[in-house]
Amino acid sequence: MATWMKWLRDRLPTGGGLRDEDWASRHRLLTVLLAAVLVFLIMFGVLRGDGHTLTLLLTVVPVLPCLLAATRLRSRRLRSVFVAIGYTIACGGFVALNHGLTEAHFSFFIAVGALALYRDWAPFGAFLVATTLHHAVFGTLVSGHTYDHGSAVAHPLVWALLHGSSVLIAAGFQIVSWRLTEVEEDRARENLDESQAQLSVAFDSTPVPMAMFSPEGLALRTNAAYRGWLGLPEELPAGFSLHDVPLTPVERNQPTILTLFAESREPRTITRQYRRPDGTLIWVEVHGTGLYDRHDQLRLIYVHCFDVTATRDHEAELSYQVRHDALTGLLSRKAFEHDLAALLTGSAEPVSVIYLDVDRFKAINDGAGHSTGDDVLRALATRLAAVVPAGALLARLGGDEFVVALTGPAGTGLRVGNSILAALHEPVAGVPLALSVGVTTAFGATGVDEVVLAADTAMYAAKRAGGNRLQVFTDDLRVPVQERIAAEARLRRALAADPRYTLPLWFQPVVSTATGQIIGAEALVRMRTEQGTVLAPGHFIGAAEETGLIVPLGDHVLRSAVEHLVHWSDRLGYVSVNVSPRQLAEPDFVPKVASLLAEYPYLDPSRLVLEITETALISSTVDVSERLALLKQLGVRIALDDFGTGYSSLTWLKSLPADVVKLDRSFVAGLAEDARKSSIISAVLWLARSLGMSTIAEGVEEIADWDALRAAGCPAIQGYLVSKPLPAREFDTLLTTGSPLQGSSSGRNHRACPGRLESGHP
């Protein structure tokens, strides 16, 4: 029995499962309908006539207390029971007013469906019991007002049972529907509970701070990460809202997050800076989504927050690094050019640009070390920042170059430039400094490159004039710069093409004073332009030195000279090649020479002479003696070129492992008429012989100088008296025909003396 009851109970609806708001809305509907039914019955009874007054009163009077109880009682169940009783009385009265008309009994079936809305056994059962009693009691006592046929009048209990059973059957289908609805709701509730449990786990356990706010800003729910991030208690106080969050916006008078999210249905991302209670500043990125109901009303705002302070600080650091020089903290080149462009287009006043370069800064790095050089640059940046006016652009372009840009009347740049020079009277970081300063002024919209180039050009003019001075740009200064740029472009094109054609070697013979025979030659590079014009070194060597192209150019000259030497085989004793300071400083210069000689194993390395000027020895950044010693280990010979033009020539002559000394033409020209020069030449020749060195006199153009050199014992000469530099083919012919001085014992008896051909040394 117990098992059967349990089985039945499990299959019947439990009832009473409506939420308060749902039950209230259904109760309100059924109460209003009951009141409407009562009004209908009154109107129907009045229309039926005076014979139904008592029936109408017996119906209306009991329903009114039911309506009153339905609206006044506190218990949900009692209120619904009175509504059910009211419907039973109303249905019975309707049947009585119709004298038991069978169709009037349909009202009971309608009421069953209506009362099933409560989904509660109390009103539903009360209606069924009351309906059965009505049919049994009233069917017996006043059968004529309950049933409209004789059988029912004769057997009221039977028809009460029939009517009651029909109502119960109708109620049974309502119960089935009710139960099925409960099963579906239970399943939906389980799914919802599972979803909510998953949401709760995801919401509460995620490390990302999350919160839900009502449209008014009340905190509906927060997770542990949110509370921990803001230092809030585990249980928030009642009424906690967004205004209680311990973060203060740095920028005031901004729309609140709630306002922004309420304005748009789309998810939004807002990044703002806030101040914590301890005064620290943080950047917060808030992602928010508004949740709306079916009436398109905002129900809540779901937000999750990210502390992006580290990211913003990193971005700010990167932005600072892009715009500022890492060593000095001044503007970088890119930032300066960007800001200068804005200044040139947006300023109504002239814009002055001051270009600064530290004189001989390389000597500071080489002498005191790069660390000291960096200290000097940082200190110089600080001093410049103190001198230039506030609001001026100050940047380090790289190396030891700085630039200033500022607005003001004409002459402002000159005044500030002079102030900068005056500020360097005192040493910077303990190191005396001098600057070359170039100043230009732009009027109106001008290109950045053009303005900076003009100031740079003026700076180079100041540096060429000796440095430690200021030069104002003029159009006349542009010509040398344009020539240098054109020379660089020509040289690059020549190196990129076939250098054997575009950069041919010419050769000037070296003649023995004893025999007049050609014993060697100096290789001199020329440039052949696209138009076929051949240019002397003065048109491109300077640009090569400034740009570093002297290194590939020197490599070409060295290789081409060796190839010609091999070609002429035993017809030419040696070839000498000039080596620039930049070449000598290259770490792979000696290996390059060794590799080149290894390609010609049958060539005597001593037939290759490398000429080093005294300027190269002084300005070189490497240990010259060590580098030259390595070259001599390869077997090549070293010549000291332009000897006598420096202050310490005798010192170099004594300390360097040179094989040949080349006397500068300034000592040779006019030697026959100048006794002092003759004495100097004799002393140098004696010293060279004492050190085991050979001597060559350069720039010999007069027969008298030839005779004087022969008399002094100079072993060889080079100059226009013998031949000017010749292309390789013409020099080959000269090797075949011999020198004009060959076979003569005196310069006065030479076979073909060309005399003084040109005054300039090629």
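Modeller: Strand β12 (residues 505–512) is joined by 2 bridges to strand β22 (residues 726–727), and the two run antiparallel. The model is a predicted one. In β22, Pro 727 is the bridge partner of Trp 506.

Trp 506 also has a bridge partner in β13, namely Leu 524. Strand β13 covers residues 518–525, and its antiparallel pairing with β12 runs over 7 bridges. Between β12 and β13 lie 5 residues, and the two strands form a hairpin. Gly 516, in the turn, has a positive phi of about 80 degrees.

Strand β21 (residues 716–718) pairs with β12 as well, in the antiparallel sense and over 2 bridges.

As for burial, 7 of the 8 residues of β12 are buried, so the strand is largely enclosed by the rest of the structure. Phe 507 is buried, and Trp 568 is buried too.

These two residues bring in the aromatic pairs, of which the model has 7 by the rule applied. Phe 507 and Trp 568 make an edge-to-face pair, with 4.9 Å from centre to centre and 80 degrees between the planes. Phe 507 belongs to β12 and Trp 568 to helix α21 (residues 550–568), so the pair ties together parts that are 61 residues apart in sequence.

Key
Residues numbered from 1 in each chain as written. Predicted model: local features only at pLDDT ≥ 70, side-chain atom pairs only at ≥ 80, totals over all residues. Heavy atoms only, no water. Phe/Tyr/Trp six-rings, centres within 6.5 Å; stacked < 30°, edge-to-face > 60°. Helix = DSSP H or I, 4+ residues; strand = E, 2+ residues; numbered from the N terminus. Buried < 20%, exposed > 50% of the residue type's maximum accessible area, 1.4 Å probe, protein only. Pairing = 2+ DSSP bridges.
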